[in-house]
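Today I'm looking up charged pairs, ring pairs and a greasy bit of surface.

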Amino acid sequence: MFSRLAFNCAKQVRPALIGAVRCSGTEAATSQSQQLMSKVAVMAPAASRQLSATATGDRPPWEGPERDLVNFPRPVMPEEPGKVRYLFVPEEWFEFFYKKTGVTGPYVLAFGIFNYVMSKEVWLIEHEYYYVYALAAIFYFGDKKFGKQIGDYLDKEIEADTHFFEKDRLDKIANFNKSIEEEKTLQWQKEADKLIIEAKRENVALQQEAIFRERAMFAYQEIKRRLDYQSQKQLMERRIAQKHMVEWIVANVLKAITPQQEADTLKKCIVDLQAMSAKA
C-alpha cells in the first residue's frame with residue numbers, strides 16, 4: 001500500500017521526487033525531501049494550471065487584465081530540480097553564505113552546528129548512530145546505480161500525465177467553445193420569437209378586425225331589417241287606411257243615392273249611349 005501511495009505521489013511531483021532520489025544522503029535529507037514533496041504536491045495543480053495558462057496566453061479568472069505579465073510573469077514549475085551539493089544541500093545555500101561570509105562560511109556553520117549538537121548531547125552517539133552512515137552509503141550507491149532509470153521512468157509517467165491533462169484541458173475548451181456556439185445559435189434563434197410574436201399580434205389584430213366587421217355587418221343588417229319592418233308596417237297601415245276610406249266613401253255615396261235617382265241616371269246613360277251610337 002505504501003509503495004502504491006509513493007508511486008501516486010511520484011506521478012504528481014516529478015521534480016521533488018527526482019531531487020529526493022538524486023540528493024538523498026541522510027535521515028535529515030530524507031525528511032527534508034518528504035516535506036518538499038508535500039509542499040510541491042499541494043502547489044502542483046496550481047503550478048500546472050499556471051503553466052498551461054502561460055503557454056496558451058490565457059489569463060486565469062483570478063487575475064485581472066491590468067497585470068503586467070511581461071515584467072511579472074506567472075511562476076512556472078521547473079522541468080529539472082535545482083543544483084545540490086553533497087547529495088542534498090541546495091546550491092543556493094552556499095551562494096547565500098558566499099556573499100556574507102565567503103567560501104568557508106557554510107562549512108564553518110555546518111561544523112559549528114555539528115559540534116554544538118555533539119557537545120551539548122543533543123545528538124547522542126549510540127549504537128544506532130552508525131546507521132546514518134550506512135543509510136547514506138545505500139542512498140548514494142542507489143542513486144548512482146538506479147537514479148537515472150528511476151528518473152527516466154518518472155519523466156515518462158509525468159509526460160503521459162501531462163499529455164492526458166493537456167488533452168483533457170483542450171477537450172474541455174473545445175466543449176466550452178461548442179457550448180458557446182450553441183448558446184449563440186439559441187440566441188439567434190431566440191430573435192425569431194420577436195417576429196413570431198409580431199406575426200401573432202398582427203394575426204390577433206386581423207381577427208379582432210374581422211370580428212368587428214362581422215359585428216358591424218350584423219348590426220347593420222339588424223337595423224336595416226327593423227327599418228324595413230317599420231317601412232312596410234307604415235306602408236301597410238297607409239294602404240289599409242286608404243282601403244277603408246274608399247270603402248267608407250263608396251258606402252256613404254251608395255247610401256245617398258235613391259232608387260229614383262238611380263233609375264234616372266240609368267235612363268240618361270241609355271240615352272247617351274244611343275246618341276253616341278247614332279253619331280257613330
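Entry 1: salt bridges. I started with Glu-166, which is partly exposed in this predicted model, at a relative accessible area of 31%. Its side chain meets that of Arg-169 in a salt bridge, 2.5 Å from N to O. I then checked how much of the partner shows. Arg-169 comes out at 18% relative accessibility, so it counts as buried, the cut-off being under 20%.

Next I looked up Asp-171. It forms a salt bridge with Lys-167, and the closest N and O atoms are 3.2 Å apart. Both lie in helix 6, here four residues apart, again about one turn of the helix. Asp-171 is partly exposed at 33%, and Lys-167 is partly exposed too, at 48% relative accessibility.

Then came Glu-222, whose side chain meets Arg-225 in a salt bridge of 2.8 Å, N to O. This pair also sits in helix 6, three residues apart, or about one turn. Glu-222 has a relative accessible area of 23%, so I noted it as partly exposed. How many salt bridges does the count come to? I got nine.

Entry 2: rings. I searched the whole structure for aromatic pairs and found eight. One of them is Phe-114 with Trp-123: the ring centres are 6.4 Å apart and the planes stand at 85°, so I wrote down edge-to-face. Phe-114 is partly exposed at 36%, and Trp-123 is partly exposed at 37%. Trp-123 also pairs with Tyr-129, with centres 5.4 Å apart and planes at 65°, so that pair is edge-to-face as well. Is Tyr-129 buried or exposed? It is buried, with a relative accessible area of 8%. I then followed the rings along and got one aromatic cluster made of Phe-114, Trp-123, Tyr-129, Tyr-130 and Tyr-133.

The charged end of Arg-85 sits over its ring, 4.5 Å from the centre.

Entry 3: the surface. Which residues make the nonpolar patch of about 790 Å²? I listed Met-245, Val-246, Trp-248, Ile-249, Val-250, Val-253, Leu-254 and Ile-257. I picked out Trp-248, which lies in helix 6, residues 131-256. Its relative accessibility is 58%, so it counts as exposed, the cut-off being over 50%.

Technical notes. Residues are numbered from 1 along each chain as its sequence is written. This is a predicted model: local features need pLDDT of at least 70, side-chain atom pairs count only at pLDDT 80 or more; totals for chains, interfaces and linings use all residues. Side-chain values use heavy atoms; hydrogens and water are left out. Patches are made of residues with over 30% relative accessible area and no salt bridge: like charges are joined within 9 Å, nonpolar side chains (Val, Leu, Ile, Met, Phe, Trp, Tyr) within 5 Å. Accessible areas come from the Shrake-Rupley method with a 1.4 Å probe; for residues, only the protein chains shown count as cover. A salt bridge is a side-chain nitrogen of Lys or Arg within 4 Å of a carboxyl oxygen of Asp or Glu. Helices (H or I, at least four residues) and strands (E, at least two) are DSSP runs, numbered from the N terminus. Buried means under 20% relative accessible area, exposed over 50%, partly exposed in between (1.4 Å probe, protein chains only). Rings of Phe, Tyr and Trp (its six-membered ring) pair if their centres lie within 6.5 Å; planes under 30 degrees apart count as stacked, over 60 as edge-to-face and the rest as tilted. A charge sits over a ring if NZ of Lys or CZ of Arg is within 6 Å of the ring centre and within 35 degrees of the ring normal.
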